[in-house]
Amino acid sequence: MFINYEHENHVYNVTVERREKQYFIMYDNTEYTVEAEEIKPGYLKIKLGDRVIKCVITEGDKEKFVFVDGDVFNVKPVELTGVKKTKEKEGDLSSPISGKVVNVKVKNEDKVKKGDILMVIEAMKMEYLIRAPYDGKIKKVNFKEKDQIEIGEITVELTKK
Amino acid sequence: MFKKVLIANRGEIAVRIIKACQELGVKTVAVYSEVDKNTPHVNLADEAVDLGDPAPIESYLNIPKIIESAQTIGADAIHPGYGFLAENPDFAQACEDRGIKFIGPTPRVISLMGDKIAAKKTMMKAGVPVIPGYHGVKQDNVSLIKEGKKIGFPLLVKAAAGGGGKGMRIVQSEEYLGESIESAKREAKSAFGDNTVFLEKYLDRPRHIEFQILADGYGNVIHLFERECSIQRRHQKIIEETPSPVMTPELRKKMGDAAVAVAEAAGYTNAGTVEFMVDGDLNFYFMEMNTRLQVEHPITEATTGIDLAKWQLRIASGGELTLKQKELYQRGHALECRVYAEDPSNGFLPSIGTLEKVEVPTGPNIRNDTGIETGMEVTPYYDPMLAKLVVSSEDRGETIRKTIWALSHYVVLGVTTNIPFLKRVLEHDEFMRGNITTHFIENHFKDWTIAKGGWLPVDAVIALAVYDSMHSRGDEIVRYKEADPHSPWKHVGRWRMGAGV
């Protein structure tokens, strides 16, 4: 899993892999192997070598608050570098990123169920899945495979059932 | 004792007073504005009265509304807390007029102490030292130079309309007095449109040290030792401790006697605080008397074992002060940190929002006076103080270390607080050594920001990654191109995308 965090105008790139209680975190050319558990909601106990990081994380409307050792950091998750974050709203079928359409799973008049994958967009070597926000029928597919799609463009028009 | 007390306040101090009443078996009435409807002080009280509009002038400062509420609900006394109406003689008078006991001194004493110049005159008559100065109408240079020489050097020339250090001059010796007065006047004129200046003795390495007083209606007056309150930002205290690191038994005796003399000279009753300025040579000067329970009263309670809020109630209901000066002593050390919803790296500007998570540290001799809880809204209407952390221990060093521990475990998420800042102040070498003055924050923390250079510490990054990994639904962003042997995803763990900037 690849994540970007924004804090005080800096963007932090992190990858994290999970294998049960173990987490492998790549950040700033260093790999950290930790064992972690959530003691109670938001309270993490993270073992890093012989050190224990105790922290509390809560999610606000737009940001996360991280409490570590008396300090609090206000962090926003960000979309891929150079990509503006779009507001996610119910039923939004606009592309969240600028990229290339690599797979179109539906055609006009198809019936889909909520959660079905409609389109796959690639950007920065990652796939982003466009899913049906509700049951319905495809009115129009706006892009075909290998098309370039810009952030905010409507991928598929879907009529609600 | 009273039957029912209305607490004309909000937040932690209302909670503190309600608890004292409950311990004494007194019924309590909270008041609240509509934005405070679901806050701890309201929920804790037996009854609560809605004051409506959140604007202070319509709610917590609305004298007729509060008095009427007290009468309607059958309260026989009102405790004003601190701030709001606590030092308003009209409010104390209005209570008296309607036959409700005001828990505090008489309206006359509140008025006297509210008039800073009259208060100083009374204190001079009582033989209590005040800061020598000239606040007169004669503003010609000849008169000012004459008055300046009387005060002695170094002295401070300051604009009457002053603020922010404009029109302020420190004069080290007589030869610079004339020119300093002239330049201060020029600056005052251009900054404030008024060139009136005051002269005051300049205190070198000034400290703010205050004494707690209790006085009953039968002429018994005691002091409960000092509180060192020099650590201030924007002239408001943020850390207080007792005993003061500079206090000696001789000075304590002298200042304590002076504080009692102040209370006696004023005809003071109930709990009060006499504030002094103390200079680098340990000369002390009366500044003012606060005619209320102070924010920082818990550190006195922690070191004397005396419950000041309960004594306020006993004294106001006609009880006799049975504590004797010679039976009082200080034990150990206590320190209070005020937790504010404010941003120290941005000029201490208040911060508002929802408290997403609140968890205060607990442990032996750790006291939390709070008026907040998880889910509560911090609104822009009132003082941004959220809570007080009061820690006591055997000596100063241990108390500081214990407080640092407590602050490191003090969780308030959702609004920016000064907790990290408080911790840095306590960790500062000069604070540890007790070398503190009222200039401490501006001298040592002028341009302080939380994350130096804006960097997130590695621990926070790890914590976030772990948290997000635990909580990710995991299917929105997926890896692909597994067939590509050069895919960076094949090398996760030894590869990094982009710089860490």
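This is a predicted model: local features need pLDDT of at least 70, side-chain atom pairs count only at pLDDT 80 or more; totals for chains, interfaces and linings use all residues.
Let's start inside. The largest nonpolar core has 90 residues. Those with the most contacts inside this core are Leu6(B), Ile7(B), Ala8(B), Ala30(B), Ile78(B), Ile213(B) and Val262(B). Helix α1 of chain B, residues 11–23, supplies the largest share of the core, with seven residues. Apart from this core lies another one, of 69 residues, and its members include Tyr32(A), Val75(A), Val412(B) and Ala460(B).

Which residues does Ala30(B) touch, once its neighbours within four places in sequence are left aside? Its contacts are Ile7(B), Ala14(B), Ile18(B), His41(B), Val42(B), Ala45(B) and Ala48(B).

## A closer look at helix α9

Helix α9 of chain B covers residues 249–266, and you can check its length yourself.

Now look at its two sides. Buried in α9(B) are Met255(B), Gly256(B), Ala258(B), Ala259(B), Val262(B), Ala263(B) and Ala266(B). Viewed down the helix axis, the buried residues fall within an arc of 160°, so they line one face of α9(B). The face turned away from that buried side carries the exposed residues Pro249(B), Glu250(B) and Lys253(B).

What do the buried residues of α9(B) pack against? Their partners in chain B are the helices α5 (107–114) and α6 (116–125), together with the strands β10 (207–215), β11 (221–233), β13 (270–278) and β14 (284–290). Just after the helix, Gly267(B) takes a positive phi of about 70°.

## Two cis peptide bonds

The peptide bond from Phe153(B) to Pro154(B) is cis, with omega near -5°. Pro154(B) sits in the loop between α7 (141–151) and β7 (155–163) of chain B.

Another cis peptide bond joins Thr242(B) and Pro243(B), where omega is about -5°. You can find Pro243(B) in the loop between β12 (236–242) and α9 of chain B.

Phe348(B) is a residue other than glycine with a positive phi, near 60°. Its place is the loop between β16 (342–343) and β17 (349–350) of chain B. Is Phe348(B) buried or partly exposed? Phe348(B) counts as partly exposed because it has 18 C-beta neighbours inside 10 Å, while being buried takes 20 or more.

Asn365(B) also has a positive phi near 60°, and lies in the loop between β19 (357–359) and β20 (366–370) of chain B. With 16 other C-beta atoms within 10 Å, Asn365(B) is partly exposed.

Technical notes
Residues are numbered from 1 along each chain as its sequence is written. Chains are lettered from A and ligands numbered from 1 in the order in which they are written. A nonpolar core is a set of buried Ala, Val, Leu, Ile, Met, Phe, Trp, Tyr and Cys residues joined through C-beta atoms within 7 Å. A residue is buried if 20 or more other C-beta atoms lie within 10 Å of its own, exposed if 12 or fewer, and partly exposed in between; C-beta atoms are placed from the backbone. Helices (H or I, at least four residues) and strands (E, at least two) are DSSP runs, numbered from the N terminus. Two residues are in contact if their C-beta atoms, placed from the backbone, lie within 7 Å. The arc is that of the directions from the helix axis to the C-beta atoms.
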